[in-house]
Amino acid sequence: SKKISVALCTYNGQKFLASQFQSIFDQSLPVDEVIVCDDCSTDETISIYISKLKNIPGKLNCSSTKRIEEATNFEKAISLTTGDYIFLSDQDDLWHVDKVKKIIGFFETNPKAEGVFTNASLINDDGKE
């Protein structure tokens with residue numbers, strides 16, 4: 001089977017990360033690794049990462065001393081993944097339970113596809129649409 005990676009970028013995301021990680025762990029088709037690239041967070045983002053991701057393979061890469069742009073941070077996160085499929089995630093995303101399963105299924109039935117884009121529901125800070 002193919003390896004599934006998640007590239008997740010963070011910056012002061014402590015308010016959202018526990019729910020975000022849980023939505024990744026609750027996938028009906030499990031992911032194999034989560035790569036988090038943090039951009040010099042000054043809140044509890046790193047400690048949340050360490051406590052929540054101890055049971056899944058992954059890496060935490062922190063920007064050194066100065067902040068970098070979001071696009072550069074995603075490029076770095078993607079470069080550290082080892083999966084055959086790479087899912088991108090913002091720190092405040094919540095994934096539907098079948099997100100990974102449906103997207104991998106699409107790739108399996110459409111072998112020439114190079115990428116998949118999905119619709120999203122916008123939610124507020126309380127998780128309401």
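Throughout this tour, a residue is called buried under 20% relative accessible area, exposed over 50% and partly exposed in between, with a 1.4 Å probe and protein chains only. The model is a predicted one, in which local features need pLDDT of at least 70 and side-chain atom pairs count only at pLDDT 80 or more, whereas totals for chains, interfaces and linings use all residues. Residues are numbered from 1 along each chain as its sequence is written, and side-chain values use heavy atoms, with hydrogens and water left out.

**The whole chain**

Display the chain as a cartoon. It has four helices and four strands, where helices (H or I, at least four residues) and strands (E, at least two) are DSSP runs numbered from the N terminus. Their order along the sequence is β-α-β-α-β-α-β-α.

Of the 129 residues in the chain, 34% are buried.

Contact here means heavy atoms within 4.5 Å. Among contacts between residues at least 6 apart in sequence, 71% join residues at least 24 apart.

Select V6, which is found in strand β1. V6 counts as buried because its relative accessibility is 0%. How far apart in space are V6 and F87, C-alpha to C-alpha? The distance is 4.7 Å, although the two residues are 81 apart in sequence. Residues up to four places away in sequence being left out, V6 touches I24, V31, E33, V34, I35, T81, F87, S89 and W95.

Proceed to A7, also placed in strand β1. A7 is buried, since its relative accessibility is 0%. Its C-alpha atom is separated by 6.1 Å from that of F87, which lies 80 residues away along the chain. With neighbours within four places in sequence set aside, the contacts of A7 include I35, F74, A77, I78 and T81. I86, F87, L88 and S89 are also among them.

**Helix α4: I104**

Select I104 in helix α4 (residues 99–109). With 5% relative accessibility, I104 counts as buried. Beyond its neighbours within four places in sequence, I104 is in contact with I4, L29, Y85 and F87. For L29, the C-alpha separation from I104 is 8.9 Å across 75 residues of chain.

**Two loops with positive phi**

Centre the view on N12, in the loop between β1 (4–10) and α1 (14–25). Phi of N12 is near 45°, a positive value in a residue other than glycine. N12 is partly exposed, because its relative accessible area is 27%.

Next, select C40 in the loop between β2 (33–38) and α2 (45–52). C40 is not a glycine, yet its phi is positive, at about 60°. Is C40 buried or exposed? C40 counts as buried, because its relative accessibility is 19%.

**Surface patches**

A patch is made of residues with over 30% relative accessible area and no salt bridge; like charges are joined within 9 Å, and nonpolar side chains (Val, Leu, Ile, Met, Phe, Trp, Tyr) within 5 Å. A salt bridge is a side-chain nitrogen of Lys or Arg within 4 Å of a carboxyl oxygen of Asp or Glu.

Which residues form the nonpolar patch with about 230 Å² of accessible area together? Select I78, I86 and L88. Of these, I86 lies in strand β4 (residues 85–90) and is partly exposed, because its relative accessible area is 38%.

Finally, select E69, E70, D90 and D92, which form a negative surface patch. Asp and Glu count as negative and Lys and Arg as positive, with His and the chain ends not counted; the place of a charge is taken as NZ of Lys, CZ of Arg, CG of Asp or CD of Glu.

E69 counts as exposed because its relative accessibility is 60%. D92 has its place in the loop between β4 and α4. At 42% relative accessibility, D92 counts as partly exposed. The C-alpha atoms of D92 and F21 are 9.7 Å apart in space, and the two residues are 71 apart in sequence.

Key. Accessible areas come from the Shrake-Rupley method with a 1.4 Å probe; for residues, only the protein chains shown count as cover.
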